[in-house]
Amino acid sequence: MTLPSKLAFAHLPTPIERLPRLSSSLGGPTIYIKRDDCTGVGMGGNKCRKLDYLIADARAMNADTVVTCGGVQSNHVRQTAAYAARAGFRCSVVVEPVLEEPDAHYLESGNMLLDGLFGAEIHRTDGGGDLESAAEDLAERLRREGRRPYVIPLGGSNPLGALGYVDCADEIAAQAAALNVKFNCVALASGSGGTQAGLIAGFIRNGVDAVIQGFTVSPEKSRKQSRLEALTRGTLELLNVAAPADLASRLHLDDRFFGPGYACVEPRAIAAVRRLAETEGVLLDPVYTGKAMAGLIAATEEGKFSRADTVLFLHTGGAPALFAYHATFSSTG
Ligand SMILES: *Cc1c(COP(=O)(O)O)cnc(C)c1O
């Protein structure tokens with residue numbers, strides 16, 4: 001069976017680096033970081049690997065416009081807008097404010113500023129409604145105007161997009177062999193689930209038994225669990241790999257670190273962002289990777305790992321959103 005074709009826009013492979021100062025300050029396992037914040041296109045992030053497949057599909061379908069949706073500060077929307085520009089598509093997006101009392105930085109800076117620079121046509125909703133159906137409505141409107149829209153779901157998370165993280169699983173296996181390390185655990189932020197589903201499917205295909213620990217970034221864990229399972233099954237199907245009988249036991253989601261809600265400020269996440277910046281010169285973000293790193297730090301402090309363990313933190317990007325959280329990080333007030 002041949003796999004769907006893909007573009008090669010993303011800068012791959014991304015490096016795996018040690019985090020020696022973080023590891024020794026925690027006194028726990030050896031921690032490495034996979035720099036998927038460095039995938040290049042439009043300031044990078046995990047959506048680039050998915051978009052290599054999704055935008056190739058849009059081309060194959062003879063689309064002329066890419067439609068997607070997300071929060072105002074969506075990294076997915078920003079990377080999609082950059083891919084659309086690079087591939088020569090128009091891009092139309094629906095964004096919702098998410099936060100209850102967003103300030104001007106949140107509404108205009110960070111990813112929002114970049115979406116505009118990439119030429120995306122931005123439709124703002126006042127929130128509350130169903131974002132994916134708003135994107136479908138937008139696509140329908142564009143069809144009536146004679147355009148040929150290609151709709152990408154929230155976070156680019158369908159089995160086709162998740163193939164990007166099947167490839168990442170292969171990349172990790174090759175790099176682990178070259179470094180002569182065995183990762184006991186891969187820790188990452190889990191949102192719409194495509195990243196985690198792709199990694200799980202890839203590890204299953206390669207017979208690698210490391211724990212892939214997702215840290216959720218918004219409420220409703222039970223829905224996330226079933227969505228993650230469905231996405232993983234769909235991805236395995238694309239790969240023509242049978243789902244193992246113990247699939248459910250491989251879906252690890254920890255929902256203790258998203259704080260008051262999606263995109264909301266969580267003190268442990270802010271502390272994790274500061275800690276990585278100060279100890280390793282690595283920029284995390286407050287919405288995803290800061291929360292996942294807070295989870296990894298807590299797991300280490302809870303004694304979930306031994307000193308002999310080796311953990312890989314998947315940096316999924318998001319630092320462009322730091323500028324939208326000016327009030328949270330500013331030292332001058
Ligand atoms: C989208 C995103 C995630 C979550 O990835 P999913 O595939 O949606 O689970 C994690 N980190 C960052 C920075 C993201 O932009």
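Author: A crossing is called right-handed if the near helix is turned clockwise from the far one by less than a right angle, and left-handed if anticlockwise. Helices (H or I, at least four residues) and strands (E, at least two) are DSSP runs numbered from the N terminus. The model is a predicted one, in which local features need pLDDT of at least 70 and side-chain atom pairs count only at pLDDT 80 or more, while totals for chains, interfaces and linings use all residues. Residues are numbered from 1 along each chain as its sequence is written, and side-chain values use heavy atoms, with hydrogens and water left out.

Let us begin with helix 7 and helix 8. Helix 7 (residues 159-179) and helix 8 (194-206) pack at an angle of about 50 degrees, their axes lying 7 Å apart (axes are fitted to C-alpha atoms, for helices over the stretch in contact, and angles run from 0 to 180 degrees between N-to-C directions). The two helices are therefore oblique to each other (under 35 degrees is roughly parallel, over 145 roughly antiparallel, 65 to 115 roughly perpendicular and the rest oblique). As helix 7 passes helix 8, the crossing is right-handed. From helix 7 the contact (heavy atoms within 4.5 Å) draws on Ala162, Tyr165, Val166, Cys168, Ala169, Asp170 and Ile172, and from helix 8 on Gly194, Thr195, Gly198, Leu199, Ala201, Gly202, Phe203, Arg205 and Asn206. By class, these residues of the contact between helix 7 and helix 8 fall into 9 nonpolar, 5 polar and 2 charged (Ala, Val, Leu, Ile, Met, Phe, Trp, Tyr, Cys and Pro are nonpolar, Asp, Glu, Lys and Arg charged, and the others, Gly among them, polar).

Helix 7 is also packed against helix 2. The axes of helix 2 and helix 7 come within 7 Å and cross at roughly 135 degrees, which makes helix 2 oblique to helix 7. This crossing, too, is right-handed. Helix 2 brings Arg49, Lys50, Tyr53, Leu54 and Asp57 to the contact, while helix 7 brings Leu160, Gly161, Leu163, Gly164, Tyr165, Asp167, Cys168 and Glu171. The residues of this contact of helix 2 with helix 7 divide into 6 nonpolar, 2 polar and 5 charged.

Helix 2 passes helix 3 in a right-handed crossing. In this contact Lys47, Cys48, Leu51, Asp52, Ile55 and Arg59 of helix 2 meet His76, Gln79, Thr80, Tyr83 and Ala87 of helix 3. Sorted by class, the contact of helix 2 with helix 3 holds 5 nonpolar, 3 polar and 3 charged residues.

Most residues other than glycine have a negative phi.

The largest pocket has a volume of about 1,200 Å³ (a pocket is an open set of points on a 1 Å grid over the protein atoms alone, with protein on both sides within 12 Å along at least five of seven lines, and lining residues have an atom within 4 Å of a point; points are joined across faces, edges and corners, and volume is the space filled by probe spheres set on them). It is lined by 45 residues, of which Leu154, Gly191, Ser192, Ser218 and Tyr262 are the closest to its centre. Helix 2, helix 3 and helix 8 are among the elements that give two or more residues to this lining, and so are strand 3 (65-71), helix 6 (131-144), strand 7 (185-190) and helix 9 (221-239). Helix 9 supplies the largest share of the lining, with 4 residues. By class, the lining of the largest pocket comprises 12 nonpolar, 24 polar and 9 charged residues.

Conventions: On a 1 Å grid over the protein atoms alone, a cavity is a set of points where a 1.4 Å probe fits but cannot get out, and a pocket is an open set with protein on both sides within 12 Å along at least five of seven lines; lining residues have an atom within 4 Å of a point.
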